[in-house]
Amino acid sequence: MKDLFNLSNKEISFDEAKKYFGEKIPISLEDFSKLSAKYKTFTFTVSGYTKAQILNKFHQELLKAIEDGSTMKTFKDNMNQFLETTGYEGITNFQADNIYRTNIQTAFQSGHYEQMVKPDVMKARPYWMYDAMNDQRTRRSHLAMDGRVFKADDPIWDTWYPPNGFRCRCSVITLSERQVKERNLVVETGAPVAGEIDGRFVSILPDPNFSTNAAKDRFIPKLKDVHKPIKDAFELQKNSK
């Protein structure tokens, strides 16, 4: 069971996480809400803000946090200094933690995915296990996935590759065939529908807007093929560089 920073320090290349998050396009929540789930994975938004200048600053500070390994407090302090000078109220600790953890976890998990699907890794470790934190903060639906094993190419990972909700701390562990046999693990197929946690049945579903694999579809801007809100945001980002 690994938390965000142990994961980033030991397993994930900062370059891979930086590349993934750097490709995301800041976009307003209004435009974000118009997109299909697939296109949402290409974008970045923050609730309560619509101006490109503010959204770009959030994106820049989070990218800096990935590069420097800076803390949530540093992110919050930098953002609040900027927001207050532009006439906005600062973000709260809860808002900062939600924005920081969700986005950085997504970036590092995407870097992890990029490593795990390399042909030599897939050959040596063809099974993946869902790994929830298993504490009082873990959502029941995520806890119901804890320890479940599927083949690395099972379609389950198109839906259940973490993070699977805001502030989600879940991860995925790769396993060799020998490890699966030695631990007597059951390799499942297909998405489970319901499970029992502490004597109560729970529906096993990712949180709303987190039922796609953000790491699997990387954005290649063929602008004629993408939705107009993304096209407009990409043009704005490109012209600002």
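User: Which side chain makes a polar contact with the side chain of Asp207?

Analyst: That partner is Arg139, with the two side chains 2.7 Å apart. A polar contact is a pair of N or O atoms within 3.5 Å; within protein, one must be able to donate a hydrogen and the other to accept it, and residues adjacent in sequence count only if both atoms are side-chain atoms. Before we go on, please keep in mind that this is a predicted model, where local features need pLDDT of at least 70 and side-chain atom pairs count only at pLDDT 80 or more, while totals for chains, interfaces and linings use all residues. Residues are numbered from 1 along each chain as its sequence is written, and side-chain values use heavy atoms, leaving out hydrogens and water.

User: Why is Asp207 called buried?

Analyst: Buried means under 20% relative accessible area, exposed means over 50%, and partly exposed is in between (1.4 Å probe, protein chains only). Asp207 has 16%, so it counts as buried. Asp207 is found in the loop between β8 (200-203) and α12 (228-240). Helices (H or I, at least four residues) and strands (E, at least two) are DSSP runs, numbered from the N terminus.

User: And what makes Gly190 partly exposed?

Analyst: Its relative accessible area is 32%, and partly exposed covers the values between the two cut-offs. Gly190 also sits in a loop, the one between β6 (187-188) and β7 (194-197).

User: Which residues does Gly190 touch, not counting those up to four places away in sequence?

Analyst: They are Phe150, Asp154 and Ile156, where contact means heavy atoms within 4.5 Å. Ile156 is 34 residues from Gly190 along the chain, and their C-alpha atoms are separated by 5.9 Å.

User: What does the side chain of Gln109 reach?

Analyst: The Gln109 side chain reaches the backbone oxygen of Cys170 at 2.9 Å. Gln109 belongs to helix α7 (residues 93-116), and with 0% relative accessibility Gln109 counts as buried.
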